[in-house]
Amino acid sequence: MGKLGIVQVEVSTRCQLSCLMCPKFQFKDEWISKDMDMEIFHSIPFKKFRYAHLQGWGEPLLNPNIGEMIETARKHCSVGLTTNGILIDRHLEDVLKLDLLAVSIASADAEEHMAIRGCRLEKLKENIKLVSEQRDREPKIVIATMMLKNTVEQLPDIVDLAHECGADEVIANNMDYIPSEQLVGMEVFGSSPDPGVLEQIKKAEKKANELGINFVAKPVKLEEALVCAEDPIKNCLITVDGRIAPCVYLHLPTRSEYISRYFRGRKTKVPKLYFGHVSEFNRVWKEEYRRFREIFERRLQTRYQSLPLNIPDLPDVCKTCYKAWSV
Ligand code: SF4
């Protein structure tokens with residue numbers, strides 16, 4: 001068997017920020033803030049995977065062992081992480097060993113950025129430049145932003161910002177998990193995409209082309225996918241306490257057994273889903289987790305039918321997840 005795809009590793013659930021659209025802010029009273037310990041980290045079978053992304057719900061550079069974690073994982077596969085960018089200067093040596101460094105930016109406007117994320121945009125730009133200006137630098141630098149109704153017109157400016165900082169790529173994500181009612185309506189996707197949003201995406205694409213950087217915008221039209229982009233057939237999440245889950249959307253580091261999400265404007269609740277502990281990875285992957293993956297495998301097989309009429313239903317926990325609807 002060839003290598004599996006991506007193992008996402010939740011190395012910390014702590015974060016210095018309280019961003020408006022983050023579940024940590026929305027569920028602050030029940031959030032469990034902690035760092036993954038090295039014993040759990042060492043039991044992750046990195047050699048089975050092509051790539052390890054060291055981030056779940058939290059800021060990975062807050063884990064005091066992050067340097068050792070990067071060193072350990074990179075012996076076996078490519079390694080990257082997404083960070084809020086605040087601590088890059090303090091971890092420069094570690095960060096330079098990554099294959100991919102994604103930095104979250106909410107807006108190209110300093111005031112708006114402060115209002116959404118509560119941190120100084122200028123400081124993040126300086127930190128990104130610290131990496132990009134290194135000679136023979138290793139990591140690909142990606143600016144990750146979230147398209148929201150009130151920030152989407154900033155997309156072309158974010159491309160400018162990325163270019164100014166020496167980044168290689170901009171990824172425009174959707175607010176694909178909506179944890180609270182006050183965020184409903186801020187998403188830019190829908191059954192028929194807003195022409196204004198499509199225009200901003202086009203402008204950003206054009207600018208990126210001119211500046212010679214990559215630009216990727218997630219789809220903004222809701223359409224049922226055979227397999228979500230998280231692709232549980234090949235990938236999985238290892239939570240901060242070592243449990244194996246299909247994705248971050250079925251896990252939250254809270255005291256509740258359930259996950260609340262708003263889907264098509266309505267509140268829904270799904271049970272969290274774990275398949276066992278990483279110390280028993282081989283058995284769990286072949287047994288408990290296999291049954292979940294097979295649902296997606298059967299869905300995928302219908303792509304070869306001339307009339308794909310009998311597509312197996314999505315797992316119940318996925319029906320109200322926007323990732324299952326292609327955004
Ligand atoms: S559809 Fe959503 S909940 Fe289901 S596996 Fe994909 S990302 Fe996870």
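Trainee: Let me start with Ile311: how many C-beta neighbours lie inside 10 Å, and how does Ile311 count on that basis?

Mentor: Ile311 has 15 such neighbours, which is why it counts as partly exposed. Keep in mind that we are reading a predicted model. The cut-offs make the step clear: 20 or more would be buried and 12 or fewer exposed, so a value in between is partly exposed. Ile311 sits in the segment after helix 10 (288-301). Setting aside residues up to four places away in sequence, Ile311 touches Arg299 and Thr302.

Trainee: How far apart are Ile311 and His113, in sequence and in space?

Mentor: Along the chain they are 198 residues apart, and their C-alpha atoms are 43 Å apart. Now try Pro312, which is also placed in the segment after helix 10.

Trainee: Which residues is Pro312 in contact with, leaving aside its neighbours within four places in sequence?

Mentor: Ile295, Arg298 and Arg299. With 15 C-beta neighbours inside 10 Å, Pro312 counts as partly exposed.

Trainee: Let's turn to helices. What should the span of helix 8 be, and what is the distance between its end C-alpha atoms?

Mentor: Helix 8 covers residues 195-211, which is 17 residues, and at 1.5 Å a residue it should span 24 Å; the end C-alpha atoms are 24 Å apart, so the two agree.

Trainee: Which residues are buried in helix 8?

Mentor: Gln200, Ile201, Ala204, Lys207 and Ala208 are the buried ones. Their arc around the axis is only 125°, which puts them on the same side of helix 8. The cover over them includes helix 7 (155-165), strand 6 (169-174) and strand 7 (214-217). On the face turned away from that buried side you will find the exposed residues Pro195, Asn209 and Glu210. Gly212 follows helix 8, with a positive phi near 75°.

Trainee: Which residues other than glycine have a positive phi, for instance near 50°?

Mentor: Asp136 is one, with phi near 50°. Asp136 is found in the loop between helix 6 and strand 5, and it is exposed, with 5 other C-beta atoms within 10 Å. Asp231 is not a glycine either, and has a positive phi of about 45°. Asp231 lies in the loop between strand 7 and strand 8 (236-238); with 18 other C-beta atoms within 10 Å, it is partly exposed.

Trainee: How should I read the nonpolar core, and which of its members touch the most others?

Mentor: In soluble globular proteins, nonpolar side chains tend to be buried together. The largest nonpolar core here has 85 residues, and Ile158, Val159, Ala162 and Val170 touch the most other members. Helix 7 supplies the largest share of this core, six residues. Beyond its neighbours within four places in sequence, Ala162 is in contact with Ile143, Ala167, Val170 and Ile213.

Trainee: Finally, what surrounds the ligand?

Mentor: The shell consists of Cys228, Glu230, Pro232, Pro246, Cys247, Tyr249, Leu250, Val317, Cys318, Cys321, Lys323 and Ala324. By type, these are 10 nonpolar, no polar and two charged residues. Leu273 is worth a look here too: not counting residues up to four places away in sequence, it touches Ala245, Pro246, Leu250 and Val317.

Trainee: Is Leu273 buried or exposed?

Mentor: Leu273 has 20 C-beta neighbours inside 10 Å, so it counts as buried. You can find Leu273 in the loop between strand 11 (266-271) and helix 9 (281-286).

Definitions and conventions:
Residues numbered from 1 in each chain as written. Predicted model: local features only at pLDDT ≥ 70, side-chain atom pairs only at ≥ 80, totals over all residues. Helix = DSSP H or I, 4+ residues; strand = E, 2+ residues; numbered from the N terminus. Expected span 1.5 Å × (residues − 1). Arc of directions from axis to C-beta. Contact = placed C-beta atoms within 7 Å. Near = placed C-beta within 6 Å. Nonpolar A, V, L, I, M, F, W, Y, C, P; charged D, E, K, R; others polar. Core = buried A, V, L, I, M, F, W, Y, C linked by C-beta atoms within 7 Å.
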